[in-house]
Amino acid sequence: MENRLPTSDQSFVESLIPQRAPFVMVNEIAEYSESHLISGFEIKEDNIFVQNGIFQASGMIEHQAQSVALHTGYKYYLLGKDAPTGYIGAIKSFEAEALPKVGDHLKSEVTILNEVMGVTLVNIITKLNDVEIANSQMKTVVK
């Protein structure tokens with residue numbers, strides 16, 4: 001399977017992460033490098049984190065964590081290996097300036113700060129229409 005970036009091929013993107021519908025919070029990879037990834041996500045009405053047309057902060061955190069998983073999954077894809085299962089080890093900080101609405105398209109930039117023995121420290125900035133609406137720093141752990 002060959003897939004060039006950017007891609008919004010939903011089946012390809014989902015093959016890179018352990019989550020499955022209705023819990024998938026990423027649907028695009030725009031850029032990738034060993035220390036960087038830009039993901040995308042369009043918020044739909046039937047999303048489990050949407051309440052009264054607003055995508056909740058818990059959904060933003062999950063979107064950001066899945067963006068990190070997408071980075072790991074794409075790295076493994078390039079190596080010809082299956083994507084590993086991982087989880088959030090710790091959230092050091094999370095700030096949301098605004099919550100997006102149904103129909104909005106998020107772009108999240110993941111920057112890998114450190115990766116040691118399956119533990120990855122990352123900064124994540126989420127933008128809506130090129131305006132930062134959320135940022136976090138978290139540790140993710142691969143099984």
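**Aromatic pairs, a cavity and a sheet**

Reader: Which residues do ring pairs link into a cluster here?

Author: In this predicted model, the cluster joined by ring pairs is made up of Phe12, Tyr32, Tyr74 and Tyr77.

Reader: And how many aromatic pairs does the count come to?

Author: With ring centres required to lie within 6.5 Å, the count comes to seven aromatic pairs.

Reader: Take Phe23 and Phe49, then: why is that pair tilted?

Author: The ring centres of Phe23 and Phe49 are 5.7 Å apart and their planes stand at 55 degrees, so the pair counts as tilted, given that stacked needs planes under 30 degrees apart and edge-to-face needs them over 60.

Reader: Is Phe49 buried or exposed? And what about Phe23?

Author: Phe49 counts as buried, because its relative accessibility is 15% and the limit for buried is under 20%. Phe23, with a relative accessible area of 32%, is partly exposed.

Reader: Changing topic, how many cavities of 30 Å³ or more does a search of the whole structure find?

Author: The search finds one, and the volume of the largest cavity is about 30 Å³.

Reader: What is the largest cavity lined by?

Author: Its lining consists of Val68, His71, Thr72, Lys75, Ile112, Glu115 and Thr120. The elements that contribute two or more residues to that lining are α2 (57-78) and β6 (105-116), and α2 supplies the largest share, four residues.

Reader: And how does the lining of the largest cavity divide by class?

Author: There are two nonpolar, three polar and two charged residues in the lining.

Reader: β6 came up there, so to speak of the sheet: what order do its six strands have?

Author: The sheet is open, with antiparallel pairing, and its strands follow the order β1-β2-β6-β7-β8-β5. β1 and β5 (86-96) are the edge strands, each pairing on one side only, and the twist from one strand to the next averages 20 degrees.

Reader: How many bridges join β6 to β7?

Author: There are 10 bridges between β6 and β7 (residues 119-128), and these strands run antiparallel.

Reader: Which residue in β7 does Glu109 stand opposite?

Author: The residue in β7 that faces Glu109 from the opposite position is Ile125.

Key
Residues are numbered from 1 along each chain as its sequence is written. This is a predicted model: local features need pLDDT of at least 70, side-chain atom pairs count only at pLDDT 80 or more; totals for chains, interfaces and linings use all residues. Side-chain values use heavy atoms; hydrogens and water are left out. Rings of Phe, Tyr and Trp (its six-membered ring) pair if their centres lie within 6.5 Å; planes under 30 degrees apart count as stacked, over 60 as edge-to-face and the rest as tilted. Buried means under 20% relative accessible area, exposed over 50%, partly exposed in between (1.4 Å probe, protein chains only). On a 1 Å grid over the protein atoms alone, a cavity is a set of points where a 1.4 Å probe fits but cannot get out, and a pocket is an open set with protein on both sides within 12 Å along at least five of seven lines; lining residues have an atom within 4 Å of a point. Grid points are joined across faces, edges and corners, and a volume is the space filled by probe spheres set on the points. Ala, Val, Leu, Ile, Met, Phe, Trp, Tyr, Cys and Pro count as nonpolar, Asp, Glu, Lys and Arg as charged, and the others, Gly among them, as polar. Two strands pair if DSSP finds at least two bridges between them. Axes are lines fitted to C-alpha atoms, for helices over the stretch in contact, and angles run from 0 to 180 degrees between N-to-C directions.
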